[in-house]
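Dear colleague,

Please find below the structure that I am handing over to you. My findings follow it, arranged by topic.

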Amino acid sequence: KAVNLVRHESIVSVLDLARLDDGRPYIVMEFVEGHVLASLIHQAPAPLGGLVQVVVEVLSALDAAHAIGIVHRDLKPDNIIVTGEGHAKVLDFGIAKLAPGLSHLSPRTATGALLGTPAYMAPEQISGGTIDPRTDIYAAGIVFYEAVTGRVPFAGETLFDLMKQHLEVSPVPPSRLRPDLPPALEQVILKALEKHPAQRFQSAHEMAEATSTAANV
């Protein structure tokens, strides 16, 4: 219900919510032909032009969600569908954080609950800090990094090792893994991955503009 309040062309629409006769709930969603971004970026290095378009469209979707008080909180390539025409569709707002005015649309989250996918979680998600739109900016930075290089910036043998890297380790510059990456685009990615939210882009719109500008430099 919360997702449908956004009504953005780059967010998969939920068409119906109901229950079967035996009580099991079901959701009817918009059908989108395409592939999840995860499958595309692990096949071969994707063209930068197409990746920029997908990232900008994802950021536009996030900006629309943030505008009404919804933080996705689990953005990752598996939650982004790329259509045959190269357009992005964001899905799975199942653990989104809702503004107080929308909280009636979702059950309360237990205090201290760790929600999200560890490889894409912002430092403040891991440490129990404040979750706001800049949390999604960090995840978008990781998605962009992975889309460009084919791998996430942080990995560890254990969950503890992975989380420690998010909190303390600077990412390897993506241009070392993809030499054809323009410096301006690299700076966009690294700014989105700043440990402290105040040092990141302050909105998805700001990051989208910076990405578009960097792609045209």
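**Salt bridges**

The side chains of K191 and E206 form a salt bridge, with 4.0 Å from N to O. This pair connects distant parts of the chain, since K191 belongs to helix 7 (residues 183-192) and E206 to helix 8 (residues 204-215), 15 residues apart. K191 counts as partly exposed because its relative accessibility is 31%. E206 is also partly exposed, with a relative accessible area of 31%. Please keep in mind that the model is predicted.

The general idea behind such pairs is that side chains of opposite charge can pair when their charged atoms come close. In this protein the count comes to 8 salt bridges. Two others deserve a description here.

One of them joins the side chains of R134 and D132, at 2.8 Å from N to O. D132 is classed as buried because its relative accessible area is 16%, and the cut-off for buried is under 20%.

Another brings together the side chains of D180 and R178, at 2.9 Å from N to O.

**The protein as a whole**

The secondary structure consists of 8 helices and 7 strands. Of the 217 residues in the protein, 44% are buried. The protein exposes about 11,200 Å², and carbon and sulfur atoms supply 55% of that area. Among the contacts with a separation of 6 or more, 64% are between residues 24 or more positions apart.

**Helix 3**

Helix 3 covers residues 48-67, which is 20 residues.

Several residues of helix 3 are buried, including L48, L51, V52, V54 and V55. The buried residues of this helix also include E57, A61 and H66. Just after helix 3, G69 adopts a positive phi of about 95 degrees.

**H72 and its polar contacts**

H72 is placed in the loop between strand 4 (70-71) and strand 5 (80-83). Its relative accessibility is 1%, and H72 therefore counts as buried. Which backbone atoms does the side chain of H72 approach? The side chain of H72 reaches the backbone nitrogen of D74 at 3.0 Å. A polar atom of the H72 side chain also lies 3.0 Å from the backbone oxygen of L91.

**A nonpolar patch on the surface**

Finally, I would draw your attention to a nonpolar patch on the surface, formed by L15, L20, Y26 and V28. Together these residues have about 340 Å² of accessible area. L20 lies in the loop between strand 1 (14-19) and strand 2 (25-29). With a relative accessibility of 39%, L20 counts as partly exposed, because that class runs between the 20% limit for buried and the 50% limit for exposed.

A colleague

Note on methods
Residues numbered from 1 in each chain as written. Predicted model: local features only at pLDDT ≥ 70, side-chain atom pairs only at ≥ 80, totals over all residues. Heavy atoms only, no water. Helix = DSSP H or I, 4+ residues; strand = E, 2+ residues; numbered from the N terminus. Expected span 1.5 Å × (residues − 1). Buried < 20%, exposed > 50% of the residue type's maximum accessible area, 1.4 Å probe, protein only. Patch = residues over 30% accessible without salt bridge, like charges linked within 9 Å, V, L, I, M, F, W, Y side chains within 5 Å. Areas by Shrake-Rupley, 256 points an atom, 1.4 Å probe, with all protein chains shown as cover. Polar contact = N/O pair within 3.5 Å; in protein donor to acceptor, adjacent residues only side chain to side chain. Contact = heavy atoms within 4.5 Å.
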